Number of protein chains: 2
Amino acid sequence: MIMTAERQRPTAVTLPKTATVTVGLDVGGTKTEALLVDEDRQPLAQTQCPTDTTSPEGVMDSIVTAVNTALEEVGIAPAQIGAIGIGVPGLVRPQDGAVQLAANLNLQEYALGEAVTAVFPAPVILENDVRLAAIGAYQHLRVQQPIQHMAYLSIGTGIAAGVVLDGRLWRGAYGMAGEIGHIVVEPDGAICACGQRGCLETIASGPAIAGMAARLMRPNPVINLTADNVYQAAQAGDSVAQTIVQHVSYYLSHAIQWLIMSYDVEKVVLGGGVAQSGSAFLDPILSELSRMRAESRLAETMLGADKIMLLPYGFNAGVWGAITLAQKGD
Amino acid sequence: MIMTAERQRPTAVTLPKTATVTVGLDVGGTKTEALLVDEDRQPLAQTQCPTDTTSPEGVMDSIVTAVNTALEEVGIAPAQIGAIGIGVPGLVRPQDGAVQLAANLNLQEYALGEAVTAVFPAPVILENDVRLAAIGAYQHLRVQQPIQHMAYLSIGTGIAAGVVLDGRLWRGAYGMAGEIGHIVVEPDGAICACGQRGCLETIASGPAIAGMAARLMRPNPVINLTADNVYQAAQAGDSVAQTIVQHVSYYLSHAIQWLIMSYDVEKVVLGGGVAQSGSAFLDPILSELSRMRAESRLAETMLGADKIMLLPYGFNAGVWGAITLAQKGD
């Protein structure tokens with residue numbers, strides 16, 4: 001169990017025994033993170049623990065451990081939980097709290113909401129993790145400026161977008177809105193896990209970047225190359241890494257263009273594991289967008305650099321989105 | 001002045017002198033069409049006249065002629081007009097009724113709404129023509145099935161989409177939502193009017209199809225080849241035309257995929273000048289989508305043939321959308 005030491009965590013908490021708290025959970029394939037806030041959204045405790053994905057019970061144990069650790073941290077009873085929001089990486093049915101498919105959690109048609117309510121007697125609301133991060137990012141931005149329409153583009157193991165229109169999450173007719181990782185961008189490209197050829201994910205996801213590096217950077221091999229290795233090497237001047245980053249940034253810039261041309265949002269926020277490389281990740285995208293603006297008046301109007309931003313490093317938009325959804329209930 | 005003889009037009013009308021009517025207008029680069037309906041949306045008269053695009057006054061004259069002809073047709077006084085909805089091909093500001101830019105109408109920063117209200121004393125609401133057609137198509141579909149989310153993809157001189165989400169038109173933050181004609185699909189493709197290279201419009205718009213045919217079908221030249229000539233030739237077995245149609249259909253199918261993956265709409269309705277080629281236009285797209293479904297489970301789930309439909313031939317979705325917008329006022 002690793003306790004985070006984020007600035008939001010107060011040093012001492014004295015919460016009345018009658019006060020209710022909200023729990024936000026981000027259940028990832030590697031770790032489960034829990035955030036506890038009071039009625040004014042003030043953080044009380046934030047914990048994380050490894051996710052046991054060997055079975056549904058294992059996932060449940062991870063959730064219970066993360067929540068209980070947070071509760072104990074500040075001496076709050078489970079009965080004081082007013083609502084729980086949970087984000088999972090996969091396809092969910094918010095209406096009945098079921099996970100339809102979450103490959104990285106090894107869950108399929110699992111009534112996660114029901115299982116959590118059985119342990120912590122509070123209403124549970126379930127949502128896809130990228131969508132929750134979109135809500136979290138939106139709330140975060142709203143503090144600074146009165147935006148209403150935003151897309152959150154997550155680039156990690158997979159690629160997907162969460163979209164907020166008129167201040168509300170847009171899920172689509174079948175809960176599939178924003179699945180742009182599977183838009184075909186290279187007709188003759190590599191075969192994707194989804195069966196298609198040349199999906200955006202086959203080029204710009206973390207594993208795709210690492211795979212490209214493993215093939216092209218062989219003369220100077222590094223064990224277990226990650227996308228971050230590639231970004232850092234490119235920033236340090238490695239020309240092969242730079243070629244890879246340029247290739248990836250080209251496609252990500254065009255994905256940003258699609259999001260803006262389709263939805264006409266005010267901001268596109270970039271997040272996910274790959275985006276954690278910070279400026280090494282963002283700068284080449286901004287360069288490509290700048291090139292696009294220089295060659296087209298339409299692009300100049302629509303692809304302004306001020307529309308693009310990176311999720312602040314270390315800010316877990318997912319748990320904050322889970323809190324918001326749990327408190328608002330929609 | 002050509003009077004249409006559509007089935008909706010009743011043979012005799014006796015409307016009380018106190019009844020109010022709604023006018024829907026579709027002001028195109030070639031012709032201006034007006035539709036007059038009563039309070040129950042029953043069509044009273046439908047007229048069209050050539051659009052005079054030599055000056056803003058010329059455009060106004062065309063509008064006035066189309067409306068007056070319709071009014072006279074059924075003996076209705078201008079004072080009985082309750083509201084007027086107008087669609088124009090370009091960028092508009094619905095809030096103040098101004099046309100920001102409509103290249104094909106030769107209008108720029110023109111207070112069209114104000115000018116029309118000065119002639120016909122009724123509230124005027126202005127919108128982009130593709131968006132109005134999206135509303136018209138949505139209303140048309142709703143009669144048959146209870147859908148809520150729909151994209152209308154217009155393929156004509158330009159390419160753009162109008163999107164209805166939760167039963168309402170989605171305009172975007174800056175009125176640019178659905179401008180997917182300028183998504184780059186061929187990085188090394190032809191230069192588009194917008195300045196970018198390889199926009200969807202450079203491949204699949206009417207002029208692009210005709211241009212490709214003029215280059216490739218030279219051995220068997222036809223004067224003033226149109227996109228429809230190409231579609232008909234392909235259907236008749238011309239192998240060069242078939243190659244062009246296949247190329248265009250590939251990109252249009254992927255545009256449909258983007259719309260579905262981004263918005264997760266229940267239906268994508270195809271319309272616009274190029275789509276008027278009917279089955280010669282639609283069948284190759286359905287074949288391509290079928291091929292995409294066969295190779296991917298995700299595509300199989302999301303790109304069902306029942307999601308795609310053609311706007312009925314001769315149905316002017318634009319004027320009907322104008323009527324709806326004028327009556328609802330949003």
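**Close-up views of a predicted two-chain model**

**View 1. The contact between chain A and chain B.** The contact draws on 32 residues of chain B and 32 residues of chain A, two residues being in contact if their C-beta atoms, placed from the backbone, lie within 7 Å. On the side of chain B that touches chain A, α7 (239-263) and α9 (297-302) of chain B each supply at least two residues. The greatest share of that side comes from α7(B), with six residues. Sorted by class, the side of chain B that touches chain A holds 17 nonpolar, ten polar and five charged residues; Ala, Val, Leu, Ile, Met, Phe, Trp, Tyr, Cys and Pro count as nonpolar, Asp, Glu, Lys and Arg as charged, and the others, Gly among them, as polar. Helices (H or I, at least four residues) and strands (E, at least two) are DSSP runs, numbered from the N terminus.

This is a predicted model, in which local features need pLDDT of at least 70 and side-chain atom pairs count only at pLDDT 80 or more, whereas totals for chains, interfaces and linings use all residues. Residues are numbered from 1 along each chain as its sequence is written, while chains are lettered from A and ligands numbered from 1 in the order in which they are written.

**View 2. The symmetry of the two copies.** Chain B is superposed on chain A by a rotation of 180° with 0.0 Å of shift along its axis (RMSD 0.0 Å). The two copies are thus related as by a two-fold rotation axis. The superposition is by least squares on the C-alpha atoms of residues with pLDDT of at least 70 in both. Because 100% of the interface residues of chain B are also interface residues in chain A, the copies meet through the same surface.

View 3. Five of the five residues of strand β13 (residues 267-271) of chain B are buried, so the strand is largely enclosed by the rest of the structure. A residue is buried if 20 or more other C-beta atoms lie within 10 Å of its own, exposed if 12 or fewer, and partly exposed in between, with C-beta atoms placed from the backbone. K267(B), V269(B) and G271(B) point one way from β13(B), and V268(B) and L270(B) point the other way. Strand β10 (residues 150-155) of chain B runs parallel to β13(B) and is joined to it by five bridges; two strands pair if DSSP finds at least two bridges between them. Within β13(B), V268(B) is the bridge partner of A151(B). Strand β14 (residues 308-310) of chain B also pairs with β13(B) in the parallel sense, over three bridges, and I308(B) in β14(B) stands opposite V268(B).

**View 4. The surroundings of L259(B).** Beyond its neighbours within four places in sequence, L259(B) is in contact with A151(B), L153(B), A161(B), V265(B) and V268(B).

**View 5. Two loop residues of chain B with positive phi.** Most residues other than glycine have a negative phi. N106(B), although not a glycine, has a positive phi of about 65°. N106(B) lies in the loop between β7 (98-102) and β8 (107-110) of chain B and counts as partly exposed, with 16 C-beta neighbours inside 10 Å. D166(B), likewise not a glycine, has a positive phi of about 50°. D166(B) is placed in the loop between β11 (159-165) and β12 (168-170) of chain B and counts as exposed, with 12 C-beta neighbours inside 10 Å.
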